[in-house]
Amino acid sequence: MKFAGNYFKRGGTLKLFERKRAFIRVISFSIAAMFVLGGFCYAGWNQAASLEYQIENDRQQAFSELVSALNAIDTALQKGVYSRSPVMQSTLANEVARQASSAASALGRLPYSFVELENTSKFISEVGDFSSAMAKKLAIGESYTTDEVNSFTSLSKIAKELSTKLTDLQESVSLYNMKFGNMNVSGVRQSIDRTAVPVIADGYKDIEGEFPKIPALVYDGPFSSHVENKTPMLLNGQKEASPEIARNRAADLIGLSSDKVVLTGESSGKLPTYQFEYDNGDSSSFIEITKTGGIPLTLLSSRNVETAKLAPEQCISNARSFLEEHGFKNMRDTYWIISNNSVMINFAYEQDGVICYPDLIKVAVAQDDGKITGLESRGYVMNHQKRVFSPAKITEEHARELIASSLKVDSHYMAVVPTGGQNEVFCHVFRCRGQENRGVLVFLDAATGNEEKILLLLESEKGTLSL
């Protein structure tokens, strides 16, 4: 019994020892786990901090590139004001355009919205496009007009002022260790210890607020003031359409009675419209009709096209019939592409066998039932007119000789193509095959033989895109 009692006593001691050892083991594992978890947290924090520094460095680099590009624009523009040599003027104009592209790229990497940098972005776009247009003008042997020289002088003054302010801001960035960081609504960046530090946003807001007025540029480009003031050519001499007439035409566009269509608003500007909507619960349609002339301008349907039963050719035929039915005559399909079971088709007006690309209409056709789900006729409304074509000074045979020897010509036609502004060029158009059988369109000015435009065609079973 004594032996047994000692045995049980020793057994209890062993169990107590084992419990203590288990407890110590649990504590040890817990402490180890805490260290491991802490390690993970530290690593995560360290990784986040590293990412923040990388983002900050990229933004600082982008800002530095923006300043450098604008300084280069300033220098080139100043030189251009004093140059009278066409070769030097062309070199400087191309340099401005190149630096403007670099500035736009850098601007896109900064953490600001387009609205906040509206003036800077607008200036970069306009000075780049204007310079490109001037370089092209010099390349064909023309000279600057007095107005164009004055435009360069005005742009030079703006570039110099902007360059000076940005250089000063860049010096402040270095002196005060200013950051982009994660800015809140007020534009103040909070550091990790929640202490406000100087930010570049504050300095740039001052520059934007004091931005000088950009002069009106008159040239053959998209930012020219005469383009902004252009009136729709199709609507010249046409009468004002009443809301009721516009409602009827909107309803007719989607094949419904006028009581199904609701007038929801009006737009103003150079192309005022009535705006209508139709909603059947499953889908809705938005329609715009011009106030002058009552011309269909926009049709957008929200209907989801789930299946593709019709071939592209049938959809193109439906679109052409739709355009003729609604007053758009002599439209020729140029390119099409399939997207979301719908065929998107570009139509251009054809006059006397000449394709008039400025008179553009885009139509979307559903491949399940062949109905029209989209229309956009702004190009046609803005540019359509009866044109008088001067005889081509460059014959087709001569134009063929001007095509690069690396291209094989498949077909030829005549066309009118828009320039960057409101002008048009009468062209020989050659559809060719290049390397790896790549489709290429070459546009040659029918008056001079100069290459007006070259497009690369991306062709697939889904259609054709041009680059």
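**Notes on the model**

1. Let me begin with a salt bridge: the side chains of aspartate 333 and arginine 320 meet with N and O 2.5 Å apart. The term stands for a side-chain nitrogen of Lys or Arg within 4 Å of a carboxyl oxygen of Asp or Glu. This pair links distant parts of the chain, with aspartate 333 in strand β7 and arginine 320 in helix α8 (residues 312-325), 13 residues apart. Helices (H or I, at least four residues) and strands (E, at least two) are DSSP runs numbered from the N terminus. Aspartate 333 is partly exposed at 24% relative accessible area, and arginine 320 is partly exposed at 30%. Here buried means under 20% relative accessible area, exposed over 50%, and partly exposed in between, with a 1.4 Å probe and protein chains only.

2. A word on the basis of these notes. This is a predicted model, in which local features need pLDDT of at least 70 and side-chain atom pairs count only at pLDDT 80 or more, while totals for chains, interfaces and linings use all residues. Residues are numbered from 1 along each chain as its sequence is written, and side-chain values use heavy atoms, with hydrogens and water left out.

3. How many salt bridges does the structure hold? There are 17. Another of them joins aspartate 359 to arginine 387, at 2.8 Å from N to O. Aspartate 359 lies in strand β9 and arginine 387 in the loop between α9 (378-383) and α10 (396-401), so this pair ties together parts that are 28 residues apart in sequence. Aspartate 359 counts as buried at 0% relative accessibility, and arginine 387 is buried too, at 7%.

4. Lysine 165 and glutamate 161 form a salt bridge, their closest N and O atoms being 3.3 Å apart. The two are separated by about one helical turn because they sit 4 residues apart in helix α4 (residues 146-176). Lysine 165 is partly exposed, with 23% relative accessible area, and glutamate 161 is partly exposed, with 32%.

5. Now for the open space. The largest pocket has a volume of about 860 Å³. Of the 38 residues that line this pocket, Tyr357, Pro358, Leu360, Gly379 and Pro418 are the closest to its centre. Strand β9 gives the largest share of the lining, 6 residues. By class, the lining of the largest pocket divides into 20 nonpolar, 10 polar and 8 charged residues. On a 1 Å grid over the protein atoms alone, a pocket is an open set of points with protein on both sides within 12 Å along at least five of seven lines, a cavity is a set where a 1.4 Å probe fits but cannot get out, and lining residues have an atom within 4 Å of a point. Grid points are joined across faces, edges and corners, and a volume is the space filled by probe spheres set on the points.

6. What about enclosed space? A search of the whole structure finds 3 cavities of 30 Å³ or more, and the largest cavity holds about 60 Å³. Its lining includes Ala76, Leu77, Gln89, Tyr144 and Phe152. Helices α1 (2-82) and α2 (86-107) each supply at least two lining residues, and the largest share, 4 residues, comes from α2. The lining of the largest cavity has 7 nonpolar, 2 polar and no charged residues. Ala, Val, Leu, Ile, Met, Phe, Trp, Tyr, Cys and Pro count as nonpolar, Asp, Glu, Lys and Arg as charged, and the others, Gly among them, as polar.

7. Finally, please check two backbone positions. Asparagine 341 has a phi near 60°, a positive value in a residue other than glycine, and its place is in the loop between β7 (331-339) and β8 (342-351). Asparagine 341 is partly exposed, at 24% relative accessible area. Aspartate 352 also has a positive phi, near 55°, and lies in the loop between β8 and β9 (354-366). At 65% relative accessibility, aspartate 352 counts as exposed.
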